[in-house]
Amino acid sequence: MVLGIIILLVTIVMILMIYNYSVHKKIDTFSNLNQRVTSLNVLQEFMNTLGESSTIKEKLESINDILINKYSIKYSTIVVFDGAEYVIKASNVDQKHWDTLKNLQNDPVFGDSIKTATPKYVTVENENEKLPYQKMEFGRAKCAIFFPLYVDNVYIGYWIIEGSMPHEFDKIDTTILEVVRNNIVTILKTVENQSTLENIVRSDVYSGLKSEEFLYSEGKKIIDKYTTSAICIFKITNLPNINTEISRKTGDSVITKVSEFVKNNLAKEYLFVRYMGPKFAIVFSGADVSGVNNFMQGMKKQIEDMQIQAAEDYVISDEKIDENGQVSNEEVEVVVSPKIRIAISTYYKGTSLDGALKKVEEYIDLSDENTISTL
């Protein structure tokens with residue numbers, strides 16, 4: 001009788017153990033499935049971030065925030081070599097720890113990870129320990145996974161996630177995180193051209209304006225707040241003649257005076273740049289073509305009414321003979337007036353701003369007549 005009860009109890013215990021194991025496997029499967037679904041959502045948000053009109057820094061910070069929120073990660077840091085040094089591109093860690101975080105490539109604990117292009121997981125066993133790479137941040141992070149970043153087999157930096165509890169990442173699906181790592185690399189490659197564009201923006205000496213590239217980088221953020229905007233290119237048609245017949249310095253003065261006048265009469269949300277040579281571009285963010293046409297009519301008249309004195313070191317003299325037969329030189333004041341041709345068109349958000357401006361430029365180059373045209 002007793003033996004039968006013992007056998008029954010053992011059988012019940014075994015059944016419960018099998019059931020618990022089955023439930024545990026289902027939970028693990030659900031957890032992994034949930035992570036995969038989360039990953040698909042993360043990848044979609046990555047793509048949405050890439051399409052936003054924002055700077056490289058803002059894109060990477062946005063991506064880092066997505067990783068932190070979607071995966072409930074305590075700390076996430078993206079570090080990239082910029083050609084001279086390792087730079088933290090995005091991190092939610094206090095800046096006092098950044099010197100440590102941007103030099104992990106020199107820490108022996110991550111040496112093999114970098115050489116083999118494989119993730120490295122480190123964790124402490126109890127709360128009283130600290131991670132090998134930690135200096136002053138004792139108690140901040142208790143585990144970490146280090147992901148080296150490679151572009152075309154060239155090591156460019158790393159992504160490191162950190163947890164606040166020992167063994168916090170023991171059951172995390174690293175396969176999913178490696179997919180995320182690969183997408184971080186893809187994003188870094190994708191934004192490389194934008195980074196180059198942002199870095200080549202210059203300020204013109206004579207006009208004091210940003211170069212054309214500004215419109216396609218920082219300026220795009222302002223422009224794309226609106227569904228449509230009016231774009232305008234105007235050309236100082238007689239600038240080449242002023243440069244050759246009067247002087248180059250006088251031509252420079254014309255550029256300065258015209259630029260200052262236009263800039264002082266534009267609203268802050270309108271973008272004004274030195275396009276190329278005698279050509280300037282204005283993007284009237286959110287404005288319609290008809291309103292801009294009326295505005296530019298008034299601007300054209302005021303610009304062409306300008307009387308700009310020739311540069312002082314290029315003053316010419318007119319010889320005169322007085323009543324006593326003496327030769328005298330009288331300085332003759334030389335002034336020039338700019339003549340401008342204007343073309344205006346509509347830019348639609350989501351289309352090529354560069355292409356739209358090129359079409360306006362091509363049109364304005366067809367003639368040097370001082371007119372206003374609407375495309």
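Predicted model: local features only at pLDDT ≥ 70, side-chain atom pairs only at ≥ 80, totals over all residues.
Taken as a whole, the protein has 11 helices and 15 strands. Of its 375 residues, 42% count as buried. The accessible surface comes to about 20,800 Å², and carbon and sulfur atoms hold 52% of that. Among contacts with a separation of 6 or more, 67% are between residues 24 or more positions apart.

Helix 8 (residues 239-246) and helix 9 (residues 248-264) make a pair whose axes come within 6 Å and cross at roughly 145 degrees.

Now to the charged side chains. The whole structure has eight salt bridges. One of them joins Lys235 and Asp365, with N to O at 3.4 Å. Lys235 sits in strand 7 and Asp365 in the loop between helix 11 and strand 15, 130 residues apart. Lys235 is buried, at 13% relative accessible area, while Asp365 is partly exposed at 37%.

Glu361 takes part in two salt bridges of this kind, one with Lys279 at 2.9 Å and one with Lys358 at 3.9 Å. Lys279 lies in strand 9, 82 residues away from Glu361 in helix 11, and both are buried. Lys358 counts as partly exposed, at 30%. Through shared partners, salt bridges tie Lys235, Lys279, Lys358, Glu361 and Asp365 into one network.

Conventions. Residues numbered from 1 in each chain as written. Heavy atoms only, no water. Helix = DSSP H or I, 4+ residues; strand = E, 2+ residues; numbered from the N terminus. Buried < 20%, exposed > 50% of the residue type's maximum accessible area, 1.4 Å probe, protein only. Contact = heavy atoms within 4.5 Å. Areas by Shrake-Rupley, 256 points an atom, 1.4 Å probe, with all protein chains shown as cover. Axes fitted to C-alpha atoms, helices over the stretch in contact; angles between N-to-C directions. Salt bridge = Lys/Arg side-chain N within 4 Å of Asp/Glu carboxyl O.
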